[in-house]
Each structure stands twice: as C-alpha cells, then as structure tokens.
Amino acid sequence: MRRVTVDSTRLTGGCGVLLGSVGTNASRAGLAGAEFANGIPGTLGGAVYMNAGAYGGQLSDIVCETTCYDLDTKQVLRLNNAAQHFGYRHSVFMEKNYIVLSATLQLTKDEPDAIRARMNDYLARRREKQPLEYPSAGSVFKRPEGHFAGKLIEDAGLKGLRVGGAEVSPKHAGFIVNVGGATAADILALIQRVQDEVERRSGVRLEPEVRILGED
C-alpha cells in the first residue's frame with residue numbers, strides 16, 4: 001500500500017503512501033503538478049477520498065485513474081477521473097461502498113530543481129501561517145460559499161478559545177490544535193461551540209471538513 005511507481009509522466013501510488021512521499025518521488029522523476037500537496041498531512045488514499053487541495057490545486061486536477069475495491073460486489077474497479085465524481089472536498093468514494101487501493105496521477109515534465117523550489121515555497125508558507133508546531137487534523141471546516149471559514153471564526157472572536165486541551169489556533173483560526181491532553185470529546189465540543197457562535201454572528205453554519213468516526 002506504500003509502493004510508488006513512475007511510468008513516463010504518470011506516477012502511481014498505493015493508498016498508504018504519504019503525500020510528502022508522492023511529492024518527493026515526483027520531484028526526483030522530474031514530474032510537476034503535485035507540488036501543492038506538499039505538507040498536507042495524510043495519505044494518497046485519504047487525499048483522493050476527500051479530493052484534498054491547497055493553494056489553488058486539488059487531487060482532481062491530477063488523478064487520472066483510481067483502483068478501488070467495491071465491498072458490495074467484491075470486485076476491483078478502475079475508475080477514470082470522470083467516474084470519481086470529484087467536487088469540493090468530495091468524491092464518489094463518499095457515495096459508494098468503495099475502498100481506495102491506489103491512484104495514478106497524470107503529471108508533466110519539469111526540472112527537478114524547479115519542482116523542489118515550488119515544494120519548498122509551499123512548505124514555507126504553511127509553516128508561516130499554520131500551527132504546525134501542534135498536533136491537529138488540518139483544516140477543520142469546509143469553505144462556505146462566498147466566505148472563508150477561518151475569517152468567519154476570527155471575526156467571531158474565537159481565536160484562542162479552548163475546551164480542555166483543544167484550542168482554536170491563535171495562528172490560524174481554521175485549525176483546532178491539541179495544546180496538551182485534548183480528548184475527542186474536547187475537540188467535538190469545541191467544533192460545536194465554533195459552529196454555534198459563527199452561525200449566531202454571521203448566519204453561516206460551518207460544515208466540518210474532518211470525518212468524525214465512532215460514537216461520542
């Protein structure tokens with residue numbers, strides 16, 4: 001699940017390949033197009049599942065084929081880009097009982113040094129603007145139409161709000177970080193408080209981008 005292969009301008013990675021490894025392998029092969037994903041925490045399988053993106057790019061821009069397992073029919077399927085129903089933080093894998101096995105990215109040739117420079121630039125921007133010094137699950141809320149979640153949270157005066165060990169990051173209000181000993185219950189309670197206060201202030205109900213599994 002962590003194997004990466006390159007064939008001309010196509011890179012195929014197993015579902016367990018970290019996005020950082022995707023970027024490293026692509027740059028070594030002189031393949032551009034995946035730089036935006038450098039620094040996104042998670043795996044290629046998870047990124048395809050939610051159509052992860054940053055800095056104007058998203059997985060749907062570069063995924064040409066995904067191999068998955070259909071739990072209902074017990075078959076292995078190969079889906080082209082159109083069949084994956086990509087949308088903002090959405091894919092067919094949220095609609096069907098499919099498990100992502102691997103994905104093939106269609107990239108373009110470029111100089112390795114130029115690719116690495118762009119990757120380093122994205123990483124530097126993340127370090128400057130995002131609370132990477134604390135554990136988190138990345139951006140908590142989807143971007144509401146016509147708004148930015150972080151701006152709505154900041155305008156509601158919620159930066160630094162804490163529940164237990166969970167905190168709305170003072171550095172970037174779109175992140176909820178674990179400043180020490182945060183439990184799932186702390187984070188869920190803080191999400192609820194942020195949703196309620198932002199809705200009270202702006203009339204916008206924020207929708208979580210993170211997946212919540214299991215029971216409270």
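I looked up Tyr122 and noted 16% relative accessibility, so Tyr122 counts as buried, the cut-off being under 20%. The model I am reading is a predicted one.

In one of them, Tyr55 and Tyr122 are stacked, with 5.0 Å centre to centre and 20 degrees between the planes. I traced where these two sit: Tyr55 is in the loop between β4 (53–54) and β5 (57–58), Tyr122 is in helix α3 (residues 112–129), and they are 67 residues apart, so the pair links distant parts of the chain. Tyr55 has 31% relative accessibility and therefore counts as partly exposed.

I noted the pair Phe93 and Tyr98 as edge-to-face, because the ring centres are 6.3 Å apart and the planes stand at 65 degrees. Phe93 and Tyr98 are both buried.

I also looked for charges over rings. Arg125 lies over the face of Tyr55, 4.9 Å from the ring centre. Arg143 lies over the face of Tyr88, at 4.7 Å from the ring centre.

Next I turned to strand β6 (residues 63–70). Six of its eight residues are buried, so β6 is largely enclosed by the rest of the structure. I listed its partners. β6 runs antiparallel to strand β8 (residues 98–106), joined by seven bridges, and Tyr69 stands opposite Ile99 there. With strand β7 (residues 75–80), β6 pairs in the antiparallel sense over six bridges; here Thr66 stands opposite Leu79. I recorded β6 and β7 as a hairpin with four residues between them, and Lys74 in the turn has a positive phi of about 60 degrees.

Technical notes: Residues are numbered from 1 along each chain as its sequence is written. This is a predicted model: local features need pLDDT of at least 70, side-chain atom pairs count only at pLDDT 80 or more; totals for chains, interfaces and linings use all residues. Side-chain values use heavy atoms; hydrogens and water are left out. Buried means under 20% relative accessible area, exposed over 50%, partly exposed in between (1.4 Å probe, protein chains only). Two strands pair if DSSP finds at least two bridges between them. Rings of Phe, Tyr and Trp (its six-membered ring) pair if their centres lie within 6.5 Å; planes under 30 degrees apart count as stacked, over 60 as edge-to-face and the rest as tilted. A charge sits over a ring if NZ of Lys or CZ of Arg is within 6 Å of the ring centre and within 35 degrees of the ring normal.
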